[in-house]
Amino acid sequence: MNELEFVTTHRRHLHQNPELSLHEYETTTYIAAFLDELGISYERPLDTGLVAYLPGNGEHTIAYRADIDALPIFEENDVAYKSLTDNVMHACGHDGHTTALMLFVKRCKAMADQGTLPQSIVFIFQPAEETGGGANRLIRAGAFKNYDIEAVFGIHVMPFENEGKVVIRDEEITASATEYRFYLNGLSSHVADKEQGHSCGEALQHVLSQVGQIQQYHLNGLKRNIVHMGHFEAGEAINTVPSHGYLEGTIRTYDVHDLEIVKQQMAKIAESVSLLFNVECEVKFEEGYPPTYNDPLLRKHVEHGLDNADFEIIDKPTPYLFGEDFSFYSQLAPSYFVFVGVRDEAKGYVTGLHTAHLNFNEYMLIRIADYYEQLLKSYSEVRVQ
């Protein structure tokens, strides 16, 4: 089959059979069967996902990453390859990321068989990008300890940019993502004797108000930050003083100092609750993904690869405010992450990531593989000072 048939077949199979983070068993089996057919060795450091390796002729070892998991979203696209699993969908384009890397693997194997693969390559088919930090799990599992990786590259489809355009940015390109949760415990009483209780309803109002002021009064107004309150509740019955309260949300920032300010203020808010309302209050943080940092020394390779793959480069002045677990690979080696435009207004491919209507043209996956191949060649043609 030709390359368009290749990417269409594999992408649509993956799209019809999505699996959630850390449950990508059939997806991993599908990728493994593809690698077995090509005769490429791989390892499975985790229950799902895998890492493959091809030795090349050069002195460099470069890694390319694709994420393989889907989202708990009910697909609303009216297409023949619609998800066969209720409430699970590749609504973030990971089916495309995986397919593009598979095509690149196929090209690299052909070069290796001919003795022309210019550098050694590690192919990362990573689980659990959406939830669970699969990149960090792979690193902690020692998945890369046997490889002297010099750089890690990755892409993400971007439906808000037209086809043919790629968004890049040196240093931070996505924000950190940290979850927070407030737990409140008071004392219930009947509404007729409400003064005998310690109301978590009253205390939660205070927490909501104060958390809402952090961005306004404690963070630099020239920086982009989000302190979001996603879900909150209090109370048990219509005629009792609430004895329990709860608030959860997310913090998005690309400045580690700003994140610490937010966490410190939240800790002070929790302390103030017990003083003001005689209600116990604890705030807990679940560390998410750090900012994705693009190493400026790799920019020459990225620009060379994109130019030679006929992409238009858009240099983004500020980072995106969503999180991305590709950020963990900077612990492993210098890394660079870009966003490939897949917007096609004529076909209605305009809806955002994590939406029930996300879709794109499969031929863009060939162009992503072109970029990967040109990146590979740049390590023989471009010298970074």
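α5 and α6 are roughly antiparallel to each other, because angles over 145 degrees get that label, while under 35 counts as roughly parallel, 65 to 115 as roughly perpendicular and the rest as oblique. Helix α5 is residues 200–217 and helix α6 is residues 256–277; their axes come within 10 Å and cross at roughly 155 degrees. Axes here are lines fitted to C-alpha atoms, for helices over the stretch in contact, and angles run from 0 to 180 degrees between N-to-C directions. Helices (H or I, at least four residues) and strands (E, at least two) are DSSP runs, numbered from the N terminus.

A word on the source. This is a predicted model: local features need pLDDT of at least 70, side-chain atom pairs count only at pLDDT 80 or more, and totals for chains, interfaces and linings use all residues. Residues are numbered from 1 along each chain as its sequence is written, and side-chain values use heavy atoms, with hydrogens and water left out.

Back to the pair. α5 passes α6 in a right-handed crossing. Which residues of α5 meet α6? They are E202, A203, H206, V207, Q210, V211 and I214. On the α6 side, look for V262, Q265, M266, I269, S272, V273, L276 and F277. Contact means heavy atoms within 4.5 Å. By class, this contact has 10 nonpolar, 4 polar and 1 charged residues. Nonpolar covers Ala, Val, Leu, Ile, Met, Phe, Trp, Tyr, Cys and Pro; charged covers Asp, Glu, Lys and Arg; the others, Gly among them, are polar.

UniProt, in an unreviewed entry, places "domain: Peptidase M20 dimerisation" at residues 179–272. Such annotations may be inferred rather than shown by experiment; feature names are shortened, and positions follow the numbering used here. Over residues 179–272 the chain is 37% helix and 29% strand. The end C-alpha atoms are 21 Å apart.

Next, α8. Helix α1 (residues 3–16) packs against α8 at about 110 degrees, with the axes 8 Å apart. That makes α1 roughly perpendicular to α8. E3, L4, V7 and R11 of α1 make the contact with Y363, L365 and I366 of α8. The count is 5 nonpolar, no polar and 2 charged residues.

α7 (residues 299–308) also comes within 8 Å of α8 (residues 363–381), axis to axis, and the two cross at roughly 125 degrees. That makes α7 oblique to α8. Contact residues include H301 and L306 of α7, and Y371 and L375 of α8. Here the classes are 5 nonpolar, 6 polar and 1 charged.

R367 touches G164, A309, D310 and F311, not counting residues up to four places away in sequence.

Last, the site. What does UniProt list for "binding site"? The unreviewed entry gives C92, H94, E130, H156 and H354. They span 263 residues in sequence, yet no two of their C-alpha atoms are more than 12.8 Å apart, so they gather at one spot. C92, E130, H156 and H354 are in the lining of the largest pocket. A pocket, on a 1 Å grid over the protein atoms alone, is an open set of points where a 1.4 Å probe fits, with protein on both sides within 12 Å along at least five of seven lines; lining residues have an atom within 4 Å of a point. C92 itself lies in the loop between β3 (61–67) and α3 (94–113).

Note on methods. Left-handed = near helix turned anticlockwise from the far one by under 90°.
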